[in-house]
Amino acid sequence: MYSHGSESLIKQAREIQDSELQKFYSRLVKLLHGKELGYETVDSLQRLHLILSANKYIRTLPPELQKRLQSLLSSPAEQFQVLSSAVLRETLPPAAHSGNYSQENIVQLNSHAAALLLSQAGSRADVSSLCTQLLRGLESRQSEGPTNSLSHTLPILNTILTHNPECLTEDHVTLLSKKLVDWLRYASILQGGGASSGGFFTGPRSRQPVPIAELDGTVSGDFFTVLCVGQSFTEDQWMNVFSFSALRHWLLTYHSVSNGNGTADTDDRSEVDGSVVSMVSATSSSSRLLPPKERLREKSFQYCQRLIEQSDRKAHKKSDADLQKACLVEAVCILDCVCEEDASLVFRAFPCIKALFGRLSSDLSFARVLLPIAQFYLNHGEMAAVDCGSVWALVFGRFPAELFNDPFLAHELLRFLRLNLESLQLRVPQYTHSFPNLLKFLAWDSPAVVDDFVDLLPSLVTAGTAVELLHTLLDLPCLSATLVLQVRSTCLPISEQSGRGLLSLDAFRSSSFRGLFLFLLRGEAGSGDTIDRLSTLHELLVETADWPRVVQCAQIVPVLLHIFFNTVITVADEKLLAHLILVMLERSSLLLNIPKYNKEIHRVFSSHLLRLCKLHPSLVMDQSHELLEFCGATANVYSKEEIYTHVVWVLGEYLSVSCDSRCSVTLITSCFEALEAVLFEITSSAPLTGADCPAPRVVTTLMSALAKLASRSHDLIPRVSLFLSKLRTVTRGGSVAWCSDEEDLVAIVTRGEELWSLLKAPGVAQSVLTPPAHVTTPQWHRDTNVALPLRLRTLTNLTHSH
């Protein structure tokens, strides 16, 4: 884990003697008393941090050293702020330090000192006391402290609100809400430090205050926001920016603070006293009469509307254009928050949001801005009685279809779906039919989004979408390959023959196969379950089987299939489940030829086929014709061993009158004859050259199924007995051509002898081979009508008597 040199240093730090450590402390104190702190001081502080952090015991530093390190927290050099904070975190704080940080130090607080204070807070009361002192610092006039003191306060309070909101009281909330209103709405509209017109006689007296400007260069005619520009900013303008960055988090979480004994929202007189700007504009708006929280909502609403108006201006720099997009996202999210708190604001906000959507919806470069707009429509569209169809057509239509290769949009869109899953299922019918489009994110970048789809997939499984969704999941590697071809097709010139030698790219561009690829790239469900020429599509994509995206996609399909089947049994009736069994049988031979992919899919099909038939045994009767047709094909023994074995077992287990009264002797006989023919064929001749021998499990399963069927129709017993006796006779001569392993052959013969012995007593055979449910799942230890519980209690008493 560590290099040899690092391990040596750590070992030295752990083994340092106390006397040597005291000398080191004294030397460091002398260095810190010096006028200039140079490289030697930095190196000593780093060594001290290593010594303290390498030891599992927390040390107490000498008082003088502790005091000097605390003074370094306000050093103008950030390097010493970081080092002193890191060292002090590894020590025990002085007894009088916790919760008693002086007011003159509070106004000089920086982020490193604040982190240290929070880490050393011993209780909730200490944190609450720190909050109180921080807020007192906010109340002081700017001239009373350093100009950079307030810039660190909001991040500290934001951290406390994140990790320990109960430490803030209602009075804290009221005060901070009032300060946020002042910073957001009443920041200076003049640039900081003045500006010069230039020229020879330029001097301090010629500097005149210059108004702030918009991003397009025009002079701003309204209040200051984060999208205003200037050569320099004043303190209150910086606080405006910091307030906007913390506003949404504050609006979302300030409800979880404790209810302290304060005036809270009942008295707003301190609002006027708290700010000079507030005193000037105290009578300028009727919103002054609102309680602090409501007034903050109102000013936040106005601020966000101003940002949306500013975003329509043409920015001269790309960085400013990116800032406009980021501020739009935040502004719409904040509008959503305030509308959640006050429903009356919905009707004032919707015209602005609707106009913004109309302006941005045609430009997909604003896709990440449009998602918060979609969230606003989802939360408030029903109340405002607006048509949201165009919003969902964009979110579920164009976004996945055209931006499937944008990782940031994929993350945010899928997060949007996860957070609003219940609302989407109830209010947006387009959601469940959009899975062909949504799965493009998964097909393009499976590892990054698989966790999202593990959560989303159950919501996409309905009685109406189940069959098509199953086909789509099985064709997901094909979709992955098609998306790669689509991207390459736009990058490579159409006139270039064979496009880097890719035959699949030629097929993608060919009009003859256009329909196949367009079906895979469809935007919504309902145009058909699957492709008629699926085998043709697999031939066209055969060279894509080793592409990394395709291989990664194929690896997660079995996981998704397990989720699909676990969900579908909760929403489907027997008719739909019967259809799904047919799909499994059909698609077991229609899969893209990717190494190990087919076997994994067959394994999933097998496990869930057993589960479906166990839950609904009548499915075997409903689909008996298709199941018999599948089992009657000898080729399936070799190419689909897993699923073939389980289909044979299902027929032998559930093709019975006890499972379905419709089962007849004729059906049992026809099933018997089909399985008998396959068993005779695979055990009477050697496999084809290059082909594997039939799996022993297939042979024993076929023998068991024949024995079960014969036990239900006694006329068939002689035929099974004859085969089993011949099997024993043939194997006495040594190895046989259809089984290359001697141990496997012994196991097959042993199983045959067991079945042959059972069939000599038909009544016993049926009860052993297909026992009734009360035998396979006994409850005798709970049945008070039998003697077993009494015996168990007696034995228990005997064993515990001593």
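F564 and F565 are both buried (under 20% relative accessible area with a 1.4 Å probe, protein chains only; exposed is over 50%, partly exposed in between). The model is predicted: local features need pLDDT of at least 70, side-chain atom pairs count only at pLDDT 80 or more, and totals for chains, interfaces and linings use all residues. Residues are numbered from 1 along each chain as its sequence is written, and side-chain values use heavy atoms, without hydrogens or water.

Across the whole structure, 17 aromatic pairs are found. The ring centres of F564 and F565 lie 5.2 Å apart and the planes meet at 80°, so this pair is edge-to-face. Pairing covers rings of Phe, Tyr and Trp (its six-membered ring) with centres within 6.5 Å; planes under 30 degrees apart are stacked, over 60 edge-to-face, and the rest tilted. Ring pairs also join F224, F233, W238 and F242 in a cluster.

R522 sits 4.1 Å from the ring centre of F519. R306 sits 5.6 Å from that of F223. The criterion is NZ of Lys or CZ of Arg within 6 Å of the ring centre and within 35 degrees of the ring normal.

Confidence is given as pLDDT, the predictor's score for each residue from 0 to 100. The chain mean is 83, and 85% of residues reach 70 or more. Over residues 195–202 the pLDDT is below 50. That stretch has seven contacts beyond near neighbours in sequence (heavy atoms within 4.5 Å). Residues 495–499 are also below 50, with five such contacts.
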